[in-house]
Amino acid sequence: MWRFNYFFIFLLFPIFCFSQSTYSLKSDVYLITSANDSKSKEWANYTYNQFEQQSLEKNIIYSTSVENASYKDAKKNNGIYLVLDPNLAYDYCIEKTSTKISLKVKNEKTSKWIINQLLAVLSKTDHRFSSHNLLPAIIDFKTDCINFDFSYREPHFYYNLQKNNAAILNTNNVETDWGLWGHNLHKIITKKPPTLYAEVNHKRLPQQFCFSSVSLYQQTLNYIVNNYGNGKKVTYRFMIMPNDNKLVCTCKHCLSLGNTTSNATPAVTYFIKKLAERFPNHHFFTSAYLTTKTPPKEKLTKNIGVMISTIELPKGIALNEQQTPSRNFIKQVNAWKEKTENIYLWDYAANFDDYLTPIPVLYALQEQLRFFKKFAIKGVFLNANGYDYASFDDLKTFISAALMLNTEVNIDNLIKAFFQKEYPENHALLTNYYLSLEKNFKAKRKKYPLYGGIREILNTYLDATAFTQFYKDLEKIIPKTTGNEKEKLKKLFTALSYTRLQIGYALEDKPLGFLIKNNTQTTIKPRTKQWLASLKAYKNYPELKNYKEADGALPVYCEAWETNLLNTPYKNFLINTKIELLSEADESFKTTRLLNNGILGFASDYHQGWYINSIGNMVLKFTTLTLQQAKTIKLRFLMHEKHKFYPPKKIELYIDDVLKESKLKENLIIENGVAIYTINLNFSGTENVKLKFIQKELGKSSIACDEIQIF
Ligand SMILES: [Zn+2]
């Protein structure tokens, strides 16, 4: 018996501690009062309305600013005292006494956020308040004064961009916080005198701006005044970036400012400083990117900052100060820190080639944000799926928003609380699966690819068996689920049907694959059509149109399945024959299996089924002893200029080491971004064949071939 008691005490202890900190918030009635200034009074009104909105009972909320008969009785009870003070030294302060809780905040945004937090905590103990529409609280209202870990916080997920969510999460949002973003300066220009543009080798080039141009300054100034005012009422941020190329203006004026052929910082700084001086209430940002990588010589004013990219840092693991990418990053940050205290990071939290497959980004984000905090980074733009849906997008927004406020929040507890609140009928299934993703990936200590296809995904963050089980479980529970939760899970299931197809594609004829191989012929497993039909429900969701950042249209993806893969049986005499590579192989393409696995590639995606060679001319050899009946060889090559994929300029075919065919580029047929060569041949009585693919331009082009088809 004593043993039971022993455990009992330890079990109770943490629960007791937790409830004690929130218990005294509960009261019979609530009296909302505020400091006497207009901002605090306005906040008190907002608070009163929010409390009323969540209250299931009448006459329990009173406010000095709202006339109310029972106000005197309310005075005896717990009071909520509010102060909104822009000069507060902290983001917020909480002071709790036995009868009163006093909340002080620095700005309006935090004032609204903290009231939502308070209601979320209160609704747990006082059931006269509904918790409807409230996300779980991330603070526990102990007496303390707190500064958020980052002052600009943007988790660039789809959920953060939805109406009101940035206010609830206390995050920023490109749509509402910035008057100019990225390489968009060209969009605000209407008048185009020649001197607007950069002078390069004594010629004005419209691809780049001259940042000492009077017209460029005047047009930018007009744009700001007309669209965002002088910043006294609402402050905006403006990112001033040269166009996305390496051209730098070396006109007389820009040269005198200090520009060189590779450094545009002097003129860009001159331009930004003029704007910052003209609009002291707005904020202006330069970027440490291409021609503006070098910090300026002079110290920048308080309303100027810099955006630094973290693209060189590994993603998905803790950062180590001793490793080269981290050392370079610290060096860069320190150099800028001498010039400005406003350093924002352009960080990343997605695989931009696959938004739909669940990627665990949160554990590592916590580690990396701690690292950034240590180097006094002020703001984080966490680039992710943005305007497109991603699986677990809502959870990731919620947790990363919390981490940017306080890097020390307990992620596991918040994940559990989020799913309990948002998916009450199936929270256990979702919590278990998502947490297992994070934990398993953390144990691997691998970085995740920012641009990775399914094979890299399976080698890093996704366990095919666990995913498939989760997918099946989800399919089972959706019909039993009700209301909004059912709708959200249907959308998740639709997105995950993409992943199910991808796993099927990558695992070929293995148990989780989509294919049945029968000697030199393949057919598909009937389930494949169901996965595709489930994915096609994307049509019901405007935000679910792409599976990746660029060229990821789901209609195109689905069509590739239908035209290339579902039309079976597919025949290729080469399927069971070993193909030997006689030339050098790219790192991820040591085996040539993709060239005769019986699966065609996707013209829209170089990760899908293509055997890639970027090193040099590719030479392949295989026996013809099993191909004596063959009459034709068909080769498909990916064409994609942006990624430098071109068909070979020449193909040489050697039979028993004698050159038989030399196909030139002119002989190919082009169909939907794929170049197809067809060669008629006769292997009868021969022993082997050698294929040599001559690259378009050595070192500047790659060859991607999906299948050597022989029939
Ligand atoms: Zn110039």
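**Zinc site and helix packing**

In sequence, the donor residues of the zinc ion are spaced C-x38-C-x1-C-x2-C. This is a predicted model, in which local features need pLDDT of at least 70, side-chain atom pairs count only at pLDDT 80 or more, and totals for chains, interfaces and linings use all residues. Residues are numbered from 1 along each chain as its sequence is written, and side-chain values use heavy atoms, with hydrogens and water left out.

**Zinc site**

- The SG atoms of Cys 210, Cys 249, Cys 251 and Cys 254 coordinate the zinc ion at 2.2 to 2.4 Å; donors are N, O and S atoms within 2.8 Å of the metal (3.2 Å for Na, K and Ca), and sites may look incomplete because water is not among the atoms.
- The site is tetrahedral, with angles of 105 to 113° among the four donor atoms; four donors count as tetrahedral if all angles lie between 85 and 135 degrees.
- Ideal angles for four tetrahedral donors are 109.5 degrees.

**H15 and H17**

- Helix H15 (residues 427–444) and helix H17 (residues 464–477) have axes that come within 11 Å and cross at roughly 165°. Axes are lines fitted to C-alpha atoms over the stretch in contact, and angles run from 0 to 180 degrees between N-to-C directions; helices are DSSP runs (H or I, at least four residues) numbered from the N terminus.
- H15 is therefore roughly antiparallel to H17 (angles over 145 degrees).
- The crossing of H15 past H17 is left-handed, the near helix being turned anticlockwise from the far one by less than a right angle.
- Leu 429, Leu 430 and Tyr 433 of H15 meet Ala 466, Phe 467, Phe 470, Asp 473, Leu 474 and Ile 477 of H17, where contact means heavy atoms within 4.5 Å.
- This contact of H15 with H17 comprises eight nonpolar residues, no polar ones and one charged. Ala, Val, Leu, Ile, Met, Phe, Trp, Tyr, Cys and Pro count as nonpolar, Asp, Glu, Lys and Arg as charged, and the others, Gly among them, as polar.

**H12 and H14**

- Helix H12 (residues 362–374) packs on helix H14 (residues 411–422) at about 135°, with the axes 11 Å apart.
- H12 passes H14 in a right-handed crossing, with the near helix turned clockwise.
- Leu 362, Tyr 363 and Gln 366 of H12 make the contact with Ile 411, Asp 412 and Ile 415 of H14.

Terms used: Helices (H or I, at least four residues) and strands (E, at least two) are DSSP runs, numbered from the N terminus. Angles under 35 degrees count as roughly parallel, over 145 as roughly antiparallel, 65 to 115 as roughly perpendicular and the rest as oblique. Four donors count as tetrahedral if all angles lie between 85 and 135 degrees; four count as square planar and six as octahedral if opposite donors are over 155 degrees apart and all others between 65 and 115; anything else is irregular.
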